[in-house]
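Let's take a walk through this structure together, one piece at a time. Keep the picture open while you read.

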Amino acid sequence: MPYITTPTSNWENRRARRSTGTGITIRESRPVTRRRTCVIALPRSCRAAGSQPVHWPGSGPVDGSVGCRWSPARQGWTGTAVSPLRVSDRTGVAAQKRCCNGDQDEQGEDQQECHGSILGCTGLDNNGHFSQTGIMSVQQTHSTPSIRLSATSLVRRLGTEPLDGPGPAYRALAYRIRSAVLDGRLAVDSGLPSERELASGLSLSRTTVAAAYTLLREDGWIDSRRGSGSTLRLPAAATGSSRDLVRPQPVTGPAGIFGYPHLDPEEGIDLTTACLPGAEEPVLRALEAATAQLPRYLASDGYSPLGLPVLRAAIAARYTAAGLPTTADQILVTNGAQHAFSLCLQELSAPGDRVLMECPTYPVALDAVRAARRSPAPFGLEHRTDGGSPWDMELLATTLRQTAPRLAYLIPDFHNPTGALMSEADRRQLVAAARAAGTVLLIDESFREVGFAATDLPLPVAAFGDDSRVISLGSVSKAFWGGLRVGWVRAAPALIDRLAAARSRGDMSGPVLEQLIVAELLAAPDEALARQRERLAHRSAELLAAIADLAPDWRPTTPHGGATLWVQLPQPCSGELALLAPTVGLRLAPGPRFGPDGTLESFLRIPFTQSPERLREAVRRIVDLLPQAGNARRVGVSGFLA
Ligand SMILES: Cc1ncc(COP(=O)(O)O)c(C=O)c1O
């Protein structure tokens, strides 16, 4: 935990007080020099900003070793302090008390709780506890909700169907909330509305809602604290089972993309990757053309950390043709979209920072976020089988406002795994909400070129914001062939240069021949893209038909493009299914791999990248396996769902 302290006089400054309210806590009081001083802990989400001097309000730069800046959007300080400044404890106490009193006025809570609630709004760890007499003890606010759901948002997520059924209404309500957590519609750590608000939103009696909350609390699904309300949790028993499936399990054979062993295509059906096998004829023609050009490049040293100029220009031209004017200096060529994402993650955030991600999302992006010690903040998508939009924009805006994540990673173009497409109006709203929250958007456009009805493709998200706020990540893996390993970042030229400098820490440059192949393909992409789209559209229709025939009780999404279906199974057993799948020659990626918190047990992603015959056979095998997987449900989760 980094510390800063500040000169006494600054505590009298109004903005300094506000900064305390947004997460800086007075951590301890100890004599540093002859005067007593306080050390102030910066919130964990503060990011390293190394060389920038701190501009403490009213005082100008005070210490070049402290990298902090005032963020008007967050109304707080961001930065990492690396050496202490000083503050008098008396003025610090006064400032803290004023801050608490302000909060108390608003929320009517007592002073001790108000400190927690100040930090609660920021979603940050509370490392200090303050009272009239000074620092009390170190306290962790693990029950702090990441966002507070309004009654309207919660009711929208739960659905407005009457709570009828065999049991009492409070049980039905508790069951509905539990189910929404398990299928990812409600993110773990979200704060619930008060009993009174929810009762009014659902037109139920307050007693019914109170009884539902009590039941959930007893079963470990919510955690309640005076002053902070109730927060959604996963019960210990559930975490013991489904959370195991969130991360790839150790394997004995060679690791596949999801951490499970690869299956020999001759021996079984691998449903863990969302990329069409088999490069098409246009790719082979581009290879020939590129090979003919290669000798011109052999005279150089072969390094191009920004990418070959011809390819940068071709990618920029593609954006311009899509309605987003772009120049070559806004493009950095990478070794695929995953490389592009990891690079942006490393460069634009620091350990501990929040990264908002859809739930479900692309699991390898989740792995990268975890591995980089950033904190994935899930935003639940609605499960829509009618092709409607799964993004609740009002809730997304609220989540961004309340959590102010450093980054938000979204896949609005034929989302993996649902195949959904975000509308232009929603894109506009997304960018506005990100701007207000001070969040940088990382928009993964890996599937953008493989829509089934490409004529209606909305403008890229970056068309609605500036290039430092909206960063686009692209790839040709889905459009042409995964083996090309070519992707890119589109951003402001200054950021592109920074990313290119950063890439050399792990990778010097992309391969020349592959870049030339992609430049060839992008010069005349229509035939190759049409073939890919046609294959995917056909296989998607065949897979949906197989499900309708063989598994009519499954609830698949209706994809607008991309390469995957997201299927709700009749039972929450997708983890067990994935474990049993190799016994029948299948490889599956279970639902919990697509979210950060062990939920999504009722879901399975099925890519439609295999031949129609193999897809039908895969559905048949899964259907046969389901009773066994359902019976094998582990005690924890099944106990709560019975
Ligand atoms: C959404 C998404 N982003 C990124 C990737 C990785 O793409 P690449 O092969 O370009 O690294 C994938 C691959 O499945 C993906 O589905």
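Bear in mind that what you're looking at is a predicted model. Start with strand 26, which is mostly covered: 5 of its 5 residues are buried. Buried here means under 20% relative accessible area. The cover is on both faces of strand 26, with Phe-603, Arg-605 and Pro-607 buried on one side, and Leu-604 and Ile-606 buried on the other.

So who sits beside this strand? Strands of a sheet pair through backbone hydrogen bonds, either parallel or antiparallel. Here, 3 strands make an open sheet in the order 23-24-26, and the pairing is antiparallel.

Now look at the pairings themselves. Strand 24 (residues 564-568) and strand 23 are joined over 2 bridges, while strand 24 and strand 26 pair over 5 bridges. Find Gln-568 in strand 24: this residue is the bridge partner of Arg-555, and Gln-568 also stands opposite Phe-603 in strand 26. Lying across strand 23, strand 24 and strand 26 is helix 17 (residues 526-550), which runs at about 20 degrees to strand 24.

Next, hop over to a pair of helices. Helix 11 (residues 337-348) packs against helix 15 (residues 493-503) at an angle of about 100 degrees, and their axes are 10 Å apart. Angles of 65 to 115 degrees count as roughly perpendicular, so that's how helix 11 sits relative to helix 15. In this contact, His-339, Leu-343, Cys-344, Glu-347 and Leu-348 of helix 11 meet Leu-495, Arg-498, Leu-499, Ala-502 and Arg-503 of helix 15. Sort those contact residues by type and you get 6 nonpolar, 1 polar and 3 charged.

Key:
Residues are numbered from 1 along each chain as its sequence is written. This is a predicted model: local features need pLDDT of at least 70, side-chain atom pairs count only at pLDDT 80 or more; totals for chains, interfaces and linings use all residues. Side-chain values use heavy atoms; hydrogens and water are left out. Axes are lines fitted to C-alpha atoms, for helices over the stretch in contact, and angles run from 0 to 180 degrees between N-to-C directions. Helices (H or I, at least four residues) and strands (E, at least two) are DSSP runs, numbered from the N terminus. Angles under 35 degrees count as roughly parallel, over 145 as roughly antiparallel, 65 to 115 as roughly perpendicular and the rest as oblique. Contact means heavy atoms within 4.5 Å. Ala, Val, Leu, Ile, Met, Phe, Trp, Tyr, Cys and Pro count as nonpolar, Asp, Glu, Lys and Arg as charged, and the others, Gly among them, as polar. Two strands pair if DSSP finds at least two bridges between them. Buried means under 20% relative accessible area, exposed over 50%, partly exposed in between (1.4 Å probe, protein chains only).
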